Amino acid sequence: MKTKLLAGTAASGAILLTTLALGGTASATSSGDDHGHEHGNVVSARLNTLNNSGATGDARVKVEGKRLEVRYTANHLAPNLPHAAHIHYGAQAAHECPTVADDANHDFRLNVAEGVPKYGPIAVSLTTSGDTSPASGLAVDRFSTAPNGTIHYKRDISAAKDVARAIRRGEGVLVVHGVDYNNNGAYDFASAGASELNAALPAEATDPAVCGVLK
Ligand SMILES: [Cu+2]
């Protein structure tokens, strides 16, 4: 359940392009025009509830060249369950969080795909270890499980240059996923069916729980 799970999303083409861009720059050094002379730039967000998850939080990203120092805190998440978290960005996106108006199929849930026109595809996966590219978007064994419902996340990440620039411009959107709609302490198929991203995962595991635009 690690990679390839995003095939089939509406955004898979964009995700693939971003992945290739990351692969192309992974071995680049930090010399050249990013060499420490840029002013650090900080963007931050309040993380607002989506899907009546009851969760809220805040986030802060310091951008220096391609380097992101990402911190976010989220409270009142479904406890002890993996919460996929990403910075979403797409050039075609509105750089906003979705609202109930984006519930295209009127099923009273916002799934990940319905939010893509607003926040774009996954640009950075906020994993706790290992790869942070979009390919790790659903690497559920490498995301925080929110003990007691709270995540305190901090990690330094090297992103693609265009992604880092977009985040610095205020166009990145931080999203934490995972909503236990029926409050049974598990992600199950009973309340919302399968995820539109991967039929092997319940929608509860991927539906967005909080969202904030990093400004
Ligand atoms: Cu996401």
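Between which two elements does the loop holding histidine 106 lie? In this predicted model, histidine 106 is placed in the loop that runs between β4 (85-88) and α2 (112-119). Its phi is near 55°, a positive value in a residue other than glycine. With a relative accessible area of 62%, histidine 106 is exposed, because the cut-off for that class is over 50%.

Asparagine 52 also has a positive phi, of about 50°, although it is not a glycine. This asparagine belongs to the loop between β1 (41-49) and β2 (56-64). Asparagine 52 counts as exposed, at 78% relative accessibility.

A further loop position is alanine 200, located between β7 (172-177) and α4 (203-206). Alanine 200 has a relative accessible area of 54% and is therefore exposed, the threshold being over 50%.

The model contains a copper ion whose protein donors are His86 (ND1), His88 (NE2) and His177 (NE2). These donor atoms lie 1.9 to 2.0 Å from the ion. Along the chain the donors follow the spacing H-x1-H-x88-H. Distant parts of the chain are linked by the pair formed by histidine 88, in strand β4, and histidine 177, in strand β7, which are 89 residues apart. Histidine 88 has a relative accessible area of 0% and is buried. Histidine 177 counts as buried as well, at 1% relative accessibility, because the buried class covers values under 20%.

Nonpolar packing was examined next. In soluble globular proteins, nonpolar side chains tend to be buried together. The largest nonpolar core in the model has 34 residues. Within this core, Leu68, Tyr72, Leu126 and Leu174 are the residues with the most contacts. A second, separate core consists of 13 residues, among them Val112, Val116, Tyr119 and Val173.

The surroundings of tyrosine 72 were listed without counting residues up to four places away in sequence.

Terms used. Residues are numbered from 1 along each chain as its sequence is written. This is a predicted model: local features need pLDDT of at least 70, side-chain atom pairs count only at pLDDT 80 or more; totals for chains, interfaces and linings use all residues. Side-chain values use heavy atoms; hydrogens and water are left out. Helices (H or I, at least four residues) and strands (E, at least two) are DSSP runs, numbered from the N terminus. Buried means under 20% relative accessible area, exposed over 50%, partly exposed in between (1.4 Å probe, protein chains only). Donors are N, O and S atoms within 2.8 Å of the metal (3.2 Å for Na, K and Ca); water is not among the atoms, so sites may look incomplete. A nonpolar core is a set of buried Ala, Val, Leu, Ile, Met, Phe, Trp, Tyr and Cys residues joined through side-chain atoms within 4.5 Å. Contact means heavy atoms within 4.5 Å.
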